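Please find below some notes for a colleague who is opening this structure for the first time. The points are numbered, and each can be read beside the model.

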Amino acid sequence: MKKNLSVSAIAALLMFVVMRWQGSSLKTATSPRAIVDLEFAGSPQKLHDLLIGWDMSVVKMNVWLDFLFIVAYVAFLSVAAEFCAMKWPAGMGRKAGLWLARLAYVAGVLDIAENLLMLQSVAGNFNSASLQLTYYCAAVKFSLAAMVILYLLISLPVAIRKNKQ
């Protein structure tokens, strides 16, 4: 399990760095959060404002790279939550970790849907409903990932204490 955790952590970190580097030109005055601003472009006007200042080849490549990042971060969050869950004594802490390990996959599925919708949006195939769906997929995905990360942070002292024993 520790080997899987290390490999998935390195893969997620590597993909995060690659995406930040590749998408660095997407960070502008109009889009301080780069591609994340596209994920939350909930209206045609906001989408237009973003796309007018971006190189479409960079946007598309960043979204395609995100599919690799999804695999990496879902694997990391799931393995890390399971690893931490096993450090808790039987009970609520362990059950929560195992449950959250599965929710990481839900976040990944939502991210895949969001990416497919964003690819359609940048190709000009969108409407208000599809932009809102993209927005909500992103919001729920980030919420689920944040819940897993919060669990990992709460579990860190438990895992450290268990390793010392």
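1. The largest cavity holds about 30 Å³ of space, and a search of the whole structure finds one cavity of 30 Å³ or more. A cavity here is a set of points, on a 1 Å grid over the protein atoms alone, where a 1.4 Å probe fits but cannot get out, whereas a pocket is an open set with protein on both sides within 12 Å along at least five of seven lines; lining residues have an atom within 4 Å of a point. Grid points are joined across faces, edges and corners, and a volume is the space filled by probe spheres set on the points.

2. The model is a predicted one, in which local features need pLDDT of at least 70 and side-chain atom pairs count only at pLDDT 80 or more, while totals for chains, interfaces and linings use all residues. Residues are numbered from 1 along each chain as its sequence is written, and side-chain values use heavy atoms, with hydrogens and water left out.

3. Around the largest cavity stand Leu38, Ala41, Leu47, Met118, Ser121, Leu131 and Thr134, and both α5 and α6 supply at least two residues each to this lining. By class, the lining has five nonpolar, two polar and no charged residues, where Ala, Val, Leu, Ile, Met, Phe, Trp, Tyr, Cys and Pro count as nonpolar, Asp, Glu, Lys and Arg as charged, and the others, Gly among them, as polar.

4. One of the cavity-lining residues, Leu47, is also buried in helix α3 (residues 44-51), as are Leu50 and Leu51. Buried means under 20% relative accessible area, exposed over 50%, and partly exposed in between (1.4 Å probe, protein chains only).

5. As for the overall fold, the chain has six helices and zero strands, both being DSSP runs numbered from the N terminus, with helices (H or I) of at least four residues and strands (E) of at least two. Of the 165 residues of the chain, 44% count as buried, and the C-alpha atoms fill a box of roughly 55 × 30 × 25 Å along the principal axes.

6. The largest pocket contains about 770 Å³ of space. Its lining has 28 residues, of which Phe16, Val36, Phe69, Tyr73 and Phe142 are the closest to its centre, and the elements that give two or more residues to it are α1 (2-22), α2 (35-39), α4 (56-85) and α6 (128-164). This lining has 18 nonpolar, three polar and seven charged residues.

7. The second largest pocket has a volume of about 230 Å³, and among its 12 lining residues the closest to its centre are Phe76, Ala80, Cys84, Leu152 and Leu156. Helix α6 provides the largest share of this lining, seven residues, and by class the lining divides into 11 nonpolar, one polar and no charged.

8. Two single residues deserve a look. Ala34, in the loop between α1 and α2, has a positive phi of about 55° although it is not a glycine, and its relative accessible area of 15% makes it buried. Most residues other than glycine have a negative phi. Trp99, in helix α5 (residues 92-122), counts as exposed at 53% relative accessibility.
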